Amino acid sequence: MSINQTIRVLIAKPGLDGHDRGAKVIARALRDAGMEVIYTGLRQTPEMVAEAALQEDVDVVGLSILSGAHMALVPRVRQLMDENGLQDVALLVGGIIPEEDVSALKAMGISGVFGPGTSTEDIIRHIRQLAARGGNPG
Amino acid sequence: MEALVQAALNHDRRALARLLTVVENRREGVDTALAALFPHTGRAWIIGVTGAPGTGKSSLVNALAKTFRAAGRTVGIVAVDPTSPFSGGAIMGDRIRMRDLAGDRGVFIRSMATRGSLGGLSRATRDVIRVLDAAGFEIIFVETVGAGQSEVDIARAAQTTIVVEAPGLGDDVQAIKAGILEIADVLVVNKADRPGADNTARALKAMLEMGHPATRTDLISHHGRLMPAESAPGSSAASIWIPPVVSTVAPENTGIGDLVAALEAHHKYLIETQALDGLERQHIEIELYDRLQAALMARLLKGVPGEVFADVIHRIQTRELDPQSAVDAILSLPDQSC
Ligand SMILES: Nc1nc2c(ncn2[C@@H]2O[C@H](COP(=O)(O)OP(=O)(O)O)[C@@H](O)[C@H]2O)c(=O)[nH]1
Ligand SMILES: [Mg+2]
């Protein structure tokens with residue numbers, strides 16, 4: 001229905017770990033793939049992430065978590081997004097995440113978990129797929 | 001779409017966000033939605049914030065919004081960032097500096113990329129401002145890309161325009177771009193904690209005093225498609241406003257009280273001299289011409305087959321036809337006005 005298919009992605013870095021090089025690399029790769037990336041910076045609370053996702057009406061939210069706190073942060077962000085009416089917005093996680101946590105996160109409805117070795121092409125492809133089937137009909 | 005409009009008017013934030021997407025992407029039903037919203041617009045105080053990248057615009061908007069929120073006024077923020085000409089994508093990082101506003105339901109922040117607007121103020125930006133206005137935000141900040149035409153264009157949509165300078169960006173008179181002083185209602189020297197800030201402020205003040213800055217009215221009509229013969233009511237008084245120069249350190253909230261006072265003084269001045277009405281009339285005039293131009297162009301392009309254009313371009317290139325004759329020829333094609 002819409003002519004303009006620009007994909008909007010929120011890249012956020014929740015939690016307390018203090019460097020965002022990885023998140024910036026991803027943000028740049030997504031921009032170079034033609035996406036509009038809203039980058040929120042370091043030390044976001046789950047509340048801040050969910051609120052920004054709502055205001056910016058993004059198709060996809062990507063969290064970068066290196067602190068090991070993913071099992072606390074990710075479900076909380078998902079829950080707050082759902083409470084905000086963002087059930088149709090996909091949530092992705094990137095970072096160092098052990099195998100058993102990956103399946104637990106996926107079981108919670110997290111649309112993708114990307115380890116340090118993932119190529120940006122894979123992430124871009126994944127986001128395009130999610131956006132194509134995602135709700136957000138506006 | 002009607003339900004979405006109603007919900008947005010009733011302060012449903014999810015609906016508002018989705019409506020902004022409809023407007024920005026010009027999805028089906030957009031014009032109906034905007035028409036339904038229009039009677040609810042015209043109430044917000046629209047404040048444009050422009051200046052070179054890195055001068056501290058987002059940090060200032062954050063500090064200003066906090067102050068206005070403390071006074072109980074609701075704030076909408078539109079942060080415009082450049083679209084990459086290579087990929088069509090964008091990275092929008094203004095929210096990084098606006099984290100103090102998180103969790104406040106009296107604030108709504110929306111980032112938008114310039115997309116195809118070539119740096120000028122796009123129709124989408126105007127429409128996004130209008131949606132926030134209709135949704136009841138009392139003050140709307142529009143942070144623009146601090147480069148090119150948008151810097152000057154923001155004065156065509158804002159009632160009060162803040163121009164932000166900072167020391168260390170080639171801190172003298174040459175660094176201050178042409179046209180910038182004329183659109184500024186309030187000048188800010190941010191990063192006043194940095195060396196050279198006093199010089200920048202002095203240079204700005206000197207330029208304001210010695211120059212004969214064109215009135216805002218003159219400038220806007222120069223850049224518009226239209227040159228109104230007579231000035232709008234109140235515009236002669238408009239030339240009396242002398243932009244104050246305010247020094248700030250945005251992250252420390254230093255000077256923000258003075259800046260708010262300067263903004264309020266400008267707003268009060270606009271209202272008391274009736275310049276506000278004249279300004280709005282000009283904005284409407286410019287917008288109408290912009291929209292007419294776009295609509296006529298779209299209609300023309302629909303009526304003239306692509307091959308005709310290709311042929312005409314070829315004939316201009318081979319010097320068979322000059323560009324103006326080509327325009328006349330296209331305009332006189334029989335099917336162009338259908
Ligand atoms: N020293 C100093 N740094 C500032 C000040 N205001 C902003 N900054 C910093 O300057 C950089 C750019 O600020 P930002 O608000 O993003 O500028 P914008 O690009 O104009 O929106 C950030 O690192 C800010 O923290 C200030 O008054 N003093
Ligand atoms: Mg900014």
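**Chains A and B: interface and cores**

Chain A and chain B bury about 2,800 Å² between them, 47% of it on carbon and sulfur atoms; buried area is the accessible area (1.4 Å probe) that two parts lose on being put together, summed over both. This is a predicted model, in which local features need pLDDT of at least 70, side-chain atom pairs count only at pLDDT 80 or more, and totals for chains, interfaces and linings use all residues. Residues are numbered from 1 along each chain as its sequence is written, chains are lettered from A and ligands numbered from 1 in the order in which they are written, and side-chain values use heavy atoms, with hydrogens and water left out.

**Interface**

- Contact (heavy atoms within 4.5 Å) links 34 residues of chain A with 33 residues of chain B.
- Six salt bridges are counted between chain A and chain B; each pairs a side-chain nitrogen of Lys or Arg with a carboxyl oxygen of Asp or Glu within 4 Å.
- B:Arg95 and A:Glu56 form a salt bridge through their side chains (2.5 Å, N to O).
- B:Ser84 sits in the loop between E2 and strand E3 (90–92) of chain B.
- B:Ser84 has a relative accessible area of 14%, so it is buried; the cut-offs are under 20% for buried, over 50% for exposed and partly exposed in between (1.4 Å probe, protein chains only).
- Beyond its neighbours within four places in sequence, B:Ser84 contacts A:Arg31 and B:Gly89.

**Chain B overall**

- Chain B has 14 helices and eight strands, taken as DSSP runs (H or I, at least four residues; E, at least two) numbered from the N terminus.
- Of its 338 residues, 52% count as buried.
- Chain B exposes about 15,600 Å², with 56% from carbon and sulfur atoms; accessible areas come from the Shrake-Rupley method with a 1.4 Å probe.

**Nonpolar cores**

- A nonpolar core is a set of buried Ala, Val, Leu, Ile, Met, Phe, Trp, Tyr and Cys residues joined through side-chain atoms within 4.5 Å.
- The largest has 35 residues; B:Leu16, B:Leu19, B:Val78, B:Val131, B:Leu132 and B:Ile140 touch the most other members.
- H2(B) gives the most to this core, seven residues.
- Domain 1 (1–39) and domain 2 (41–275) of chain B both contribute residues, so this core lies between them; the bounds come from an automatic or database domain assignment.
- Not counting residues up to four places away in sequence, B:Leu19 touches B:Met1, B:Leu4, B:Val5, B:Ala8, B:Ala33, B:Leu37 and B:Val131.
- Another core, of 29 residues, lies apart from it; among its members are A:Leu10, A:Ile97, B:Ala90 and B:Met92.
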